[in-house]
Amino acid sequence: MAEEHSQHEIEKDEARKRYEFKKSLERLEEKEGSGTELISLYIPPDKQIYDVTAQLRDEYGQCANIKSKQTRSNVQSALSSILARLKYFKNPPPNGMAVFCGAINIGGDKTDLESIIVEPPEVIQTYSYRCSSTFELEPLKAMLDDKYVYGLLVLDRREAYWGFLRGTHIEPINGTHSTVPGKQRKGGQSSVRFERLRLIAIHDFYSKIGERASAAFLAEPNFFEKFKGVLIGGPMPTKEEFAAGNFLHHEVQKRIIGLFDSSYTNEFGLRELVDNAQEALRGVGIMDEKAEMSRFFKELIKENGAAAYGEDSVRLNLEAGAVDTLLLSEKLRKLRLTINCRNCDYEEVKTVKIEAGKKAKDLPFGYCPKCQSPLILTKEADIIDELTELADASNTRVEIISEDFEEGAMLYSAFGGIAAVLRYPTGM
């Protein structure tokens, strides 16, 4: 039990880091400069800092060739800022580091020099230096891709469809239809000849499926490191015939995880296949999250079920210590703000939605309803941080749920991204 709890804590910490990393990339993506003034610098862990600073000093000298005085000044300021920050590093962090610096447009023809260092969740492989009007984020975005990928294939004798399961996201790829004749033969053909032609058509169709699906699976980057296996779905005996016939490429064939019943053999069939393969996929992100959402829905439909949703209701249950599992959408982008009056004792606490790249201090806070003095921001917290802190106080489990599957998307769209499975019904 202690080992299971420890594993869950590790997974929860990883989900939390993924959420924070994704949010930081969103903020960086919103930033823009004028011309090629924003610097993106990727430093692998084995790169010597003194080599980096030597190149940056050389780049500083090359800036003299920039014709625009403003661009030249902004790039030199950014390089000076990076050099100043690198003085505090003897060596890069274990995974390397990404440095983003430049004059950011803040509106009204004004700019603000910002310098941001990101320590990525995975190792930076290649050193790179780039100047542009936006930050180069593709190497970091690639780290959000799930480490392991599963191939999905559903088929019967009429059609087939294939795709991928990436963490919590089902990605349909393509499909094909057959020309296999039905079981009713046309006049003038002997039953033996008709059946022989039909079996040839079935074999040809299976071969086409195997060839096209294998090509899609083998085209996956880092196939041998990331591709965990194939799930095959369909009715009996079709899926068994296909698997036994070795129609897939040998590298894909040996990675077949299992065969599962599926009544649909189109794009919807991929979802059905994943649902029916729960046991084989135990421990995969999407199945764990589906299980948590399933618990919530089961309680929700009961007459006096132990479920709550919406920020106000969930907050009351958290404060009462009644929440067993707190479910938070990965898509939540809200802040919990404390606002005070400059002049009197008035205080207001509220939750606001915040757009990527925006800051709480940029929001209008208005005037005190008591004395009409301006209201000021005195405290801010990410809503996930704030609710997690409340949950920790009552030993409540916290699950950050992706929106890449149907139930996860519903958590955000139908329940505001905040829900809970309770320890007991409370009516709150």
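I took two strands as paired if DSSP finds at least two bridges between them, with helices (H or I, at least four residues) and strands (E, at least two) read as DSSP runs numbered from the N terminus. This is a predicted model, in which local features need pLDDT of at least 70 and side-chain atom pairs count only at pLDDT 80 or more, while totals for chains, interfaces and linings use all residues. Residues are numbered from 1 along each chain as its sequence is written, and side-chain values use heavy atoms, with hydrogens and water left out.

Entry 1, the mixed sheet. I looked up the strand order and found an open sheet of 5 strands, S7-S6-S5-S8-S9, with mixed pairing. Strand S7 (169-177) and strand S9 (256-261) are at its edges with a single partner strand each, so one side of each has no neighbour in the sheet. The twist from one strand to the next averages 20°, where axes are lines fitted to C-alpha atoms, for helices over the stretch in contact, and angles run from 0 to 180 degrees between N-to-C directions. I then followed strand S6 (residues 159-166), which runs antiparallel to S7 and is joined to it by 8 bridges; glutamate 159 has histidine 177 of S7 as its bridge partner.

For contact I required heavy atoms within 4.5 Å. Helix H5 (residues 191-218) packs on the sheet and touches strand S5 (149-155), S6, S7 and strand S8 (227-234), its direction making about 20° with that of S6. Helix H9 (residues 267-276) lies across S5, S6, S7, S8 and S9, and runs at about 115° to S5.

Entry 3, the antiparallel sheet. Here I found 3 strands in an open sheet, in the order S13-S12-S14, with antiparallel pairing. Strand S12 (residues 334-341) is joined to S13 by 7 bridges, and threonine 338 has valine 349 of S13 as its bridge partner.

I counted as a nonpolar core a set of buried Ala, Val, Leu, Ile, Met, Phe, Trp, Tyr and Cys residues joined through side-chain atoms within 4.5 Å, buried meaning under 20% relative accessible area (1.4 Å probe, protein chains only). The largest core has 26 residues, of which Leu152, Leu165, Val274, Leu281, Met293 and Phe296 touch the most other members. Helix H10 (285-300) is among the elements that each supply at least two residues, and H10 gives the most, with 5 residues. Apart from this core lies another, of 23 residues, including Leu153 and Phe242.

Definitions and conventions: Buried means under 20% relative accessible area, exposed over 50%, partly exposed in between (1.4 Å probe, protein chains only).
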